[in-house]
Amino acid sequence: MRRARRSECGLATVEMVVLTPVVLLVVLVALVFGRVVQARQQVVEAARAGAEAAAVLPTVQTAQWVGSMNVVINLVDRTHTCARVSTVIDTAAFVPGGQAVVHVACLVLLSDLAFPGLPGATVVSATAVAPLDPYRSVG
């Protein structure tokens, strides 16, 4: 019985040394995945809000201004997710029955995770389309 115990001496240390890097890698991958998925969800929500706001306005200029402001307002509380936001409001089809299209891109910083081989940042983007009422007047 003593031999069985003697042969197992130090196995816990070896297991700890082998498994610790694996566990840390899994945690890091979960952090990166979570941050990118959260940013993607927030960018999609902001693009949708901007398109819906732009679609109900009467003129192209107000639609572009209010749509952009709506995107920024939706992302302002979430600055830890997006370091830089780019918004493009496409009003080429801003006619009755047309559509308002909003493109939003967000730069997500990953450099604070400090892991070798991990990119410093990634870009998450989304596009949302909102239809314009076919029976309204557009100025």
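**View A. Bridge partners of A105 in the predicted model.** In this predicted model, A105 is paired with S125 of β3. S86 is the residue that stands opposite A105, which itself belongs to β2. A further pair places V88 opposite H103 of β2.

**View B. The open sheet β1-β2-β3.** Three strands form an open sheet in the order β1-β2-β3, and their pairing is antiparallel. β1 and β3 are the edge strands, each pairing on one side only. On average, neighbouring strands are turned by 15 degrees against each other, direction ignored. Strand β1, residues 84-90, runs antiparallel to β2 and is joined to it by 7 bridges. Between β2 and β3, the antiparallel pairing extends over 11 bridges.

**View C. Helices packed on the sheet.** Helix α2 packs on the sheet and touches β2 and β3. The direction of α2 makes about 30 degrees with that of β3. Helix α3 also packs on the sheet, where it touches β1 and β2. The direction of α3 makes about 150 degrees with that of β1.

**View D. The largest nonpolar core.** This core comprises 28 residues, of which V43, V71, L75, V102, V104 and V108 touch the most other members. Two or more residues each come from α2 (11-55), α3 (60-76), β2 (99-109) and β3 (121-131). The greatest contribution is that of α2, with 9 residues.

**View E. Surroundings of V108.** V108 is among the core residues that touch the most other members. With neighbours within four places in sequence left aside, V108 contacts R35, A39, T81, G120, A121, T122 and V124.

Key: Residues are numbered from 1 along each chain as its sequence is written. This is a predicted model: local features need pLDDT of at least 70, side-chain atom pairs count only at pLDDT 80 or more; totals for chains, interfaces and linings use all residues. Side-chain values use heavy atoms; hydrogens and water are left out. A nonpolar core is a set of buried Ala, Val, Leu, Ile, Met, Phe, Trp, Tyr and Cys residues joined through side-chain atoms within 4.5 Å. Buried means under 20% relative accessible area, exposed over 50%, partly exposed in between (1.4 Å probe, protein chains only). Helices (H or I, at least four residues) and strands (E, at least two) are DSSP runs, numbered from the N terminus. Contact means heavy atoms within 4.5 Å. Two strands pair if DSSP finds at least two bridges between them. Axes are lines fitted to C-alpha atoms, for helices over the stretch in contact, and angles run from 0 to 180 degrees between N-to-C directions.
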